[in-house]
Amino acid sequence: MLLARTFEEKLVSLYRGGHITGGVYIGKGQEAVSVACGLFLQKGDIFSPLIRDQAGRSAFGEPLVDVARTYLGSRQGPMRGRDGNIHRGKPTEGQLAMISHLGAMVSVTVGTLMAKRFRGEKNFVGLTTIGEGGMQAGAFHEGMNLAAVEQVPLVVVATNNHYAYSTPNEREFACADLVERAQGYGFEGYTIDGTDLSNCLEVIGSAVKRARAGRPPQLVVTSVLRLSGHGEHDDASYVTDEIKRQPFAQDCLTRAEKTIADLELADAETVQLWRDDAAKQVEDAITQAQTEAAPDGAKEDWCAMSVRELVDHPE
Amino acid sequence: MSITYLEAIREAQAKLLRDDDRVFIYGQDVGGSFGGAFKATKGLAKEFPGRVLNTPISEDAMVGTAIGAALQGMRPIVEMQFADFSSVALNQILNNAGTHYWRTNIPVPITVRLPSGGTKGSGPFHSQSMESIYAHYPGLVVMTPATVEDAYTMLIDAVAIDDPVVYCEHKYLYYHLKADKLPNEAIPIGKARIARQGRDLTIVSYSVMVQESLAVAAELAREGLEIEIVDLRTVKPLDTDTVLASVGRTGRLLCVGESFPWGGVTAEVIARVASEGFHLLDAAPGRINAKDTPIPYHPNLWSVHRPSAKAIAAKARQLLKE
């Protein structure tokens, strides 16, 4: 959580300084949920994150330098300057590369799990995330239904951060509680307080364990407030003062640090060491990416096909 | 013994399932004892248990699932019940499968089968030809077999190709087109075929319109006119060299396609010949497509909406006079 927060604060500062082209999308306020999504996955599992999952990506094992490389456009990054920011992934290492169209990655995750089952693998699980905005897309419904039909070991963690870009919940859906949809899809459904790290760890950890053990697909619905704009281009002026006063608007990181202090899990000095370590890791990653070459349009391999002899030549 | 275009598609899938345990078939009504709306998978679910799977009516998720499975090493074949319904899956095919290799360096070896094109009485939502849309986007191979032999070998090739393939099989040819036997050899993917030799006019076509164009060529031959027919086989990649070589021999070009007229394969062929082979042309190139309206239900309307042998012959005669 701390590493993700520190890294994303650095990204925001780079963006404001004009050092990042394209958008910056951060997960501020959603780190507790996200980190719990990454922590319980193992080698051989599938993680299909979305745009507010820096904490989960790091917990799953994504090197910080790859994040820096993607945002700064290094040719050595996983996307080599061809795609930016939060679209990055390493499918060969189990981290899928999202597309912007929300809901689309649910069925892709289902497919990866079916392939593992076809091959006779055991003890694997897939986890994908979604927001309450993406939950209203047709592709999401298709993917959820298919996951249950295929009975794949899937966990879907849905975070209601109360705004789809600028649109509040009342213009997004009309059901009383999004977790009720679990029953309709044929999932087992759970609700958590996304600002409470221990609650996130317990419930998402249990959901991963149940899916791995062969229970039906799991839907975990969390509630938080997005503590940033949709992207850093957005000042989020539409977020009302009333909603900022709600319990779900607490900062999960502040809350986690308070719990650590209250329960005396670590002293202030140790926490400061963690902060220093996070800052160092972030600095190293950014510095490394900044030294690497950007792509060059004149030298780029302009080929969208892996089979060279099947490339079309219009001119 | 004879084998139809449809049977060739079924036999290709049987062979793929037999020879390669990475292959599975995913689509609406393909499994069980039913074997698909057109019976292209008849008997396969029984012969290959657990590998020919019915899906819900979820075109987007069907393709998304295939993409995920392909990323994990499988070779899925998705059957769309009708090409028209693949519009629901455009996002997965174009934006997910089509961009994946470029973005991540990892290709997505899926094959999406599209029962395409018009048949009598099928109307606006069971008759479409989608190849031009798929060819427009980067990252996909788009196949349009016009013969029983190609229907068989190209489907086998489609599954072997590491990139996503949209395989447009024409419903009109399913039962009408027959061959004596399945081929042992295949023309390489990406190469067009000279379906008939001639020296007066080149007709470039693909899928069912190759057969219509061959009928026209036979008719015009009785008038002493020699028409050369180029069967594109794949509309992407488009074998411009074979087209240009043919136009070089005849000096005249007519492109025939069943899809809608705005843009598309016929426009692309003419654009390439005009920009790369303008000097080869003795007359302005022509093209024939379906009309720019939704596809009509009634046979009296449908037979006029689609390019007919009569319309092709009339256009060919006109071009030969210029």
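**Exercise 1.** List the residues in contact with Val220(A), leaving aside its neighbours within four places in sequence.

*Solution.* Start with the term: two residues are in contact if their C-beta atoms, placed from the backbone, lie within 7 Å. Next, apply it to this predicted model, where local features need pLDDT of at least 70, side-chain atom pairs count only at pLDDT 80 or more, and totals for chains, interfaces and linings use all residues. Residues are numbered from 1 along each chain as written, with chains lettered from A and ligands numbered from 1 in written order. Val220(A) then contacts Val155(A), Val157(A), Ala158(A), Tyr190(A), Ile192(A), Val203(A), Ile204(A) and Ala207(A).

**Exercise 2.** Find which residues touch the most other members of the largest nonpolar core.

*Solution.* A nonpolar core joins buried Ala, Val, Leu, Ile, Met, Phe, Trp, Tyr and Cys residues through C-beta atoms within 7 Å. Buried means 20 or more other C-beta atoms within 10 Å of a residue's own; exposed means 12 or fewer, and partly exposed lies in between. This core has 186 residues. Val155(A), Ile204(A), Val220(A), Val166(B), Tyr167(B) and Ala316(B) touch the most other members. Domain 1 (3–179) and domain 2 (193–321) of chain B both contribute residues, so the core lies between them. The domain bounds come from an automatic or database assignment.

**Exercise 3.** Decide why helix α2 of chain A counts as largely enclosed.

*Solution.* Helices are DSSP runs (H or I, at least four residues), numbered from the N terminus. Helix α2 of chain A spans residues 31–39. Its buried residues are Glu31(A), Ala32(A), Val33(A), Ser34(A), Val35(A), Ala36(A), Cys37(A) and Gly38(A).

Notes: Helix = DSSP H or I, 4+ residues; strand = E, 2+ residues; numbered from the N terminus.
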